[in-house]
Amino acid sequence: MTLTAELSHSEPIDLMLATECQYGELACGPNFLLDFKLFSHTSRPKSVAGVYKLLKSIYSETPLPEPHLTDLLNTIDRDETSEYWSAKEAVTELPAEGFGEWLMGCCLGEEYYESESAEENPYSAHQANLTQTIEAIQPLLYPSDEPLKLYTLTDTDNENTPYGVYVAIGKTHTLLVVSHWIL
């Protein structure tokens with residue numbers, strides 16, 4: 001599978017991640033977006049094992065900063081071979097009409113965005129950027145009515161799992177979303 005990063009969307013994505021990480025670290029617990037990557041592809045993985053392989057190749061080429069990279073890769077390795085949880089059972093389809101709501105669920109909740117000033121609402125600007133990002137990438141992920149194949153690669157219902165790793169694969173694009181919560 002050949003991947004090409006979609007750099008035209010990098011500025012709003014960088015801003016979205018910076019905001020999520022800033023307020024997510026301050027909230028010290030609830031999930032927030034840690035990583036978000038969009039790629040065009042020439043072929044799609046045919047199995048869950050292929051998606052894990054793809055994920056590891058992405059992080060060997062464009063790693064996260066420490067301390068997250070090592071912990072994330074350890075979590076991925078653990079859940080890939082877990083006898084208690086199976087990513088094969090967590091593969092779902094994500095239709096276009098549910099995409100925005102699903103992505104918002106990977107983000108930090110509005111109640112965690114606090115401001116020093118009553119006039120300032122940091123969530124409003126973040127919400128606008130997130131909405132703009134969703135509107136920009138949704139046509140790439142859904143060029144037709146075909147739903148995405150959504151792979152959940154970590155056991156997100158395990159209280160000892162600090163990362164939710166999702167790979168959404170459409171006809172022409174792949175989206176990697178990593179949600180993080182502080183244990």
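Which residues form one aromatic cluster? The cluster consists of F99, W102, Y142 and Y166.

This is a predicted model, in which local features need pLDDT of at least 70, side-chain atom pairs count only at pLDDT 80 or more, and totals for chains, interfaces and linings use all residues. Residues are numbered from 1 along each chain as its sequence is written, and side-chain values use heavy atoms, with hydrogens and water left out.

The predictor's confidence in each residue, pLDDT, runs from 0 to 100. The protein chain averages 90, and 94% of the residues score at least 70. Confidence is lowest in strand β1 (residues 3–5), at a mean of 57. Where pLDDT is low, the predicted coordinates should not be read in detail.

The structure holds five aromatic pairs; rings of Phe, Tyr and Trp (its six-membered ring) pair if their centres lie within 6.5 Å, and planes under 30 degrees apart count as stacked, over 60 as edge-to-face and the rest as tilted. Two of these pairs are listed below.

| Pair | Centre to centre | Angle between planes | Class |
|---|---|---|---|
| Y23 and Y113 | 4.7 Å | 40° | tilted |
| F99 and Y142 | 5.9 Å | 70° | edge-to-face |

F99 lies in helix α4 and Y142 in the loop between α5 and β4, 43 residues apart. Helices (H or I, at least four residues) and strands (E, at least two) are DSSP runs, numbered from the N terminus. F99 counts as buried because its relative accessibility is 0%, where buried means under 20% relative accessible area, exposed over 50% and partly exposed in between (1.4 Å probe, protein chains only). Y142 is also buried, at 8%.
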